[in-house]
Amino acid sequence: MERLQKIMARAGVASRRKCEELIAAGRVKVNGEVIRTLGFKADPERDEIEVDGQKIVLEKHVYFLLNKPVGYITSVTDPQGRKTVLDLMEHVKERIYPVGRLDYDTSGLLLLTNDGAFANRIMHPRHELDKVYEAVVKGRIGEEALMRLCKGVMLEDGMTAPAQAERLSYDERNRRSAIRLTIHEGRNRQVRRMCEAVGHPVLKLKRVRLGFLTLDGVPEGKYRPLTKEEVDGILSL
C-alpha cells in the first residue's frame, strides 16, 4: 500500500505536491469513491484510481544510459526551441526525464528514467557516487593546481568537497592539458567553475563514468537500456 499522492506522482499525473492539491480539491476517486484525505493509502495493483474521471496507469520503470553529444540541453522541453536529450530518444515510449544535468556544451554519460526513487539515489550527495570527467583545459596544469582541486576549491556557493584530479597529458603546441577529475557533488557547472578557479579554464568536457557505469559500447548520440543487475547495483549503493 502506498500514499495516494505518491502513486499519482509515479504515474506522471503531476508533482507530489500538485497531486495533494488535486486530492484536497476532490478531483480524485479510488474505486469510485472521492478521496480528500492526504494520508489515504491505496494498492496500485488492485485499486482503480481516477483523476478528473480518467483512470491512471502506472508506467513500467525504465532506465537508459545516453552518450550525450555537445549541443543538446539536459531537459524534457526547451522554450527557446533548442534540441533536448529527448530528441535523441524518440523511440522510447515511456515519459522519461534526465537524472541530473550535463551542460549544453558538455558531452558524455547521462542517465534517463521514469523512476523517481532511482533518480534520487543517484543525485543525493549522501551516496557519494563517483562522477568522473575528462577535460581539456587551458595551459599546463601543475601539481599545485591539481592539489587545490583535490583538497577543495572555494566557489561563490561555498567550498567544494575533496576530489581526485590527475593530469593525463600536455599538448605543448596548443598549450593545453588533458585532466581527469572525479567529484561526488552535483553543483551547477561545477567542474568548469573549479578549473576556472585554479586558473585553467575548460575548453572541452566529457563525463566518462558515473559510479560503475561507463560509456563502453555506446557511441556518441546513442543510448542503451541499463541491465537489471546495473539498476540493482545502483540502488544498493
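Which residues are buried in α5? They are Gln190, Val191, Arg192, Arg193, Met194 and Cys195. The legends below take this helix and other parts of a predicted model in turn.

**View 1. The whole chain holds helices and strands.** The protein chain has six helices and 17 strands. Along the principal axes, its C-alpha atoms fill a box of roughly 70 × 40 × 35 Å. The chain has 237 residues, and 43% of them are buried. Among contacts with a separation of 6 or more, 61% join residues 24 or more positions apart.

**View 2. Helix α5 is largely enclosed by the rest of the structure.** This helix spans residues 190-197. Six of its eight residues are buried, so the helix counts as largely enclosed. What covers those buried residues? The cover includes helix α4 (143-151). It also includes the strands β10 (131-138), β11 (154-155), β14 (176-183) and β15 (202-210). After α5 comes Gly199. Its phi is positive, near 90 degrees.

View 3. Cys195 has a relative accessibility of 0%, so it counts as buried. Cys19 is another buried cysteine, with a relative accessible area of 0%.

View 4. Two packed helices are described by the angle between their axes and the distance between the axes. Helix α3 covers residues 116-123, and helix α6 covers residues 228-235. Their axes come within 9 Å and cross at roughly 55 degrees. The crossing is left-handed. Which residues make the contact? From α3 come Phe118, Arg121 and Ile122. From α6 come Val231, Ile234 and Leu235. By class, the contact of α3 with α6 has five nonpolar residues, one charged residue and no polar ones.

**View 5. Asn67 is a buried residue in a strand.** Asn67 lies in β7, which runs over residues 63-68. Is Asn67 buried or exposed? Its relative accessibility is 3%, so Asn67 counts as buried. Now trace its neighbours, leaving out residues up to four places away in sequence. Asn67 touches Gly108, Lys206, Leu215 and Val218, among others. Its contacts also include Pro219, Glu220, Gly221 and Lys222.

**View 6. Asn31 and Arg175 are loop residues with positive phi.** Most residues other than glycine have a negative phi. Asn31 has a positive phi, near 55 degrees. Where is Asn31? It lies in the loop between β2 (28-30) and β3 (33-34). The phi of Arg175 is also positive, near 55 degrees. Arg175 lies in the loop between β13 (164-171) and β14. Is Arg175 buried or exposed? At 63% relative accessibility, Arg175 counts as exposed.

Methods. Residues are numbered from 1 along each chain as its sequence is written. This is a predicted model: local features need pLDDT of at least 70, side-chain atom pairs count only at pLDDT 80 or more; totals for chains, interfaces and linings use all residues. Side-chain values use heavy atoms; hydrogens and water are left out. Axes are lines fitted to C-alpha atoms, for helices over the stretch in contact, and angles run from 0 to 180 degrees between N-to-C directions. Helices (H or I, at least four residues) and strands (E, at least two) are DSSP runs, numbered from the N terminus. A crossing is left-handed if the near helix is turned anticlockwise from the far one by less than a right angle, and right-handed if clockwise. Contact means heavy atoms within 4.5 Å. Ala, Val, Leu, Ile, Met, Phe, Trp, Tyr, Cys and Pro count as nonpolar, Asp, Glu, Lys and Arg as charged, and the others, Gly among them, as polar. Buried means under 20% relative accessible area, exposed over 50%, partly exposed in between (1.4 Å probe, protein chains only).
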